[in-house]
Amino acid sequence: MKKETLSSISPSAGEDIHSDWERVVRRRSFLRGIGLAGAALPTASLLKGESTSSNKLNQGDLAILRFLAAVEIIETDLWQQYNELGGVNGGNPAYMAALSNLDGDMPQYISDNTDDEISHMKFLNGYLKSKGEDEINLDHFRILPSSSAQGARDIKRLTNLQNLTVDTSFYTRYRSKKNPDFGATFPQAVTIQGQPAIPLSDKDTPPAMDQPVPPLTVTARRMQAIANTAGFHFGYIEQGGASLYNVMSGKCTSLEVLRIVVSIGGVEIDHFGLWHDKMGNAVAQPLAGVTDPETGTTFPDLNAKPFGGEEFQTNLILPEPCEFIDPKLPRCSVIRPSLTQFGGAVATINSFTADHLFEGQSPEFFQTIMALAIAADAAQRQLQA
């Protein structure tokens with residue numbers, strides 16, 4: 001694999017898109033003043049970088065796309081594991097049944113999410129290639145073991161789903177009037193530590209067993225807790241993508257690259273909204289109360305005391321209005337965080353690492369992915385002459 005290096009990125013001239021647009025408006029006014037009100041301004045003179053086949057990418061845009069391509073490879077790897085076991089054509093009936101206890105369409109949604117991530121990965125690498133740049137390839141780091149449960153392919157993986165510590169504070173964050181961009185912190189909705197999100201083996205969770213609600217046997221409770229963990233992990237992954245693409249969009253120079261980042265980012269937000277809805281069924285009646293007999297992870301009824309209220313209500317799935325830009329301004333319903341410090345590339349990799357998503361990976365993997373993250377965070381929007 002070609003060794004990844006950081007790009008040298010020069011700082012911007014201190015101008016932004018607002019001042020750029022003001023110059024355009026002044027130019028239009030000048031043309032009207034000299035009798036050329038009907039003259040068409042060449043699009044290329046106003047919207048630099050819009051062609052798919054023109055100039056090469058600048059270093060900032062290149063760093064952004066390279067990192068996003070790496071993230072989509074990582075996401076594809078984890079979603080393929082979920083899809084093999086629990087997707088619409090999944091090979092583990094009991095896992096599919098436990099996921100369907102959250103929503104009958106969960107297998108279909110898992111397959112669709114997987115297809116989306118594959119398309120993002122292929123497109124970003126295809127776009128890099130079209131610009132004369134090397135594609136991102138992480139195959140060298142496929143060293144982690146697969147599950148031995150029925151349905152899982154016996155291949156090496158980039159990501160670990162067998163021992164997760166899922167940060168569920170996004171659940172309470174999106175119900176709060178506070179914003180992490182101002183330093184606010186939020187409680188965990190459910191404490192999920194050292195918990196698998198996929199079946200580990202057929203002995204641990206027999207693939208042909210029934211999954212009634214509530215689960216009645218030790219193995220059925222184990223499987224349901226695993227499926228519930230997956231439900232929260234789906235939301236955790238996609239809310240991270242929603243913030244990451246939001247942050248990266250503000251760093252793009254080329255309008256075409258901005259179009260790519262915003263368009264893919266919108267799908268990440270769509271994914272998050274879907275999983276935010278479904279995970280609530282794991283912590284509401286009639287399914288609430290499941291405890292994993294192996295790890296002790298419990299999925300309580302978040303609508304009942306000592307929980308309840310706006311912070312935990314399970315059918316509140318849309319972002320509540322919160323502080324934004326300036327706490328003195330009216331509250332606004334937004335994706336948050338939206339600052340590099342809390343939602344950027346390095347923050348994303350740090351969060352994935354704390355999630356144990358990379359447990360067992362090599363030091364070289366961490367060096368490579370963090371170098372890509374640092375370069376992406378360093379990108380700054382440049383005005384093009």
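Colleague: Is Thr 205 buried or exposed, and what is its relative accessible area?

Modeller: This is a predicted model, and in it Thr 205 is buried, because its relative accessible area is 0%, where under 20% counts as buried. Thr 205 is found in the loop between β2 (192-195) and α7.

Colleague: Which residues is Thr 205 in contact with, leaving aside its neighbours within four places in sequence?

Modeller: Once those neighbours are set aside, Thr 205 is in contact with Pro 199, Leu 200, Thr 219, Arg 222, Met 223 and Ile 226.

Colleague: How should I read a helix such as α7, and what should its 32 residues span?

Modeller: The general idea is that an α-helix has 3.6 residues a turn, so residues three or four places apart point the same way. As for the span, helix α7 covers residues 218-249, and at 1.5 Å a residue it should span 46 Å, which agrees with the 47 Å that separates its end C-alpha atoms.

Colleague: How many of the 32 residues of α7 are buried?

Modeller: Helix α7 is mostly covered, since 28 of its 32 residues are buried.

Colleague: Turning to charged residues, how many salt bridges does the structure hold?

Modeller: The general idea is that side chains of opposite charge can pair when their charged atoms come close. The structure holds 11 salt bridges, and one of them joins the side chains of Arg 157 and Glu 84, at 2.7 Å from N to O. This pair links distant parts of the chain, 73 residues apart, with Arg 157 in the loop between α5 (106-130) and β1 (164-166) and Glu 84 in helix α3 (residues 59-86). Arg 157 and Glu 84 are both buried.

Colleague: Which side chains does Lys 278 meet in a salt bridge?

Modeller: The side chain of Lys 278 meets that of Asp 103 in a salt bridge at 2.9 Å, N to O. Lys 278 lies in helix α8 (residues 255-279) and Asp 103 in the loop between α4 (93-100) and α5, so the pair ties together parts that are 175 residues apart in sequence. The side chain of Lys 278 also meets that of Asp 277 in a salt bridge, at 3.3 Å from N to O.

Colleague: Are Lys 278, Asp 103 and Asp 277 buried or partly exposed?

Modeller: Lys 278 counts as buried because its relative accessibility is 10%, and Asp 103 counts as buried at 17%, whereas Asp 277 is partly exposed, with a relative accessible area of 31%.

Colleague: Which residues are linked in a network of salt bridges?

Modeller: Asp 77, Asp 139 and Arg 142 are linked in such a network.

Note on methods:
Residues are numbered from 1 along each chain as its sequence is written. This is a predicted model: local features need pLDDT of at least 70, side-chain atom pairs count only at pLDDT 80 or more; totals for chains, interfaces and linings use all residues. Side-chain values use heavy atoms; hydrogens and water are left out. Helices (H or I, at least four residues) and strands (E, at least two) are DSSP runs, numbered from the N terminus. The expected span of a helix is 1.5 Å times one less than its number of residues. Buried means under 20% relative accessible area, exposed over 50%, partly exposed in between (1.4 Å probe, protein chains only). Contact means heavy atoms within 4.5 Å. A salt bridge is a side-chain nitrogen of Lys or Arg within 4 Å of a carboxyl oxygen of Asp or Glu.
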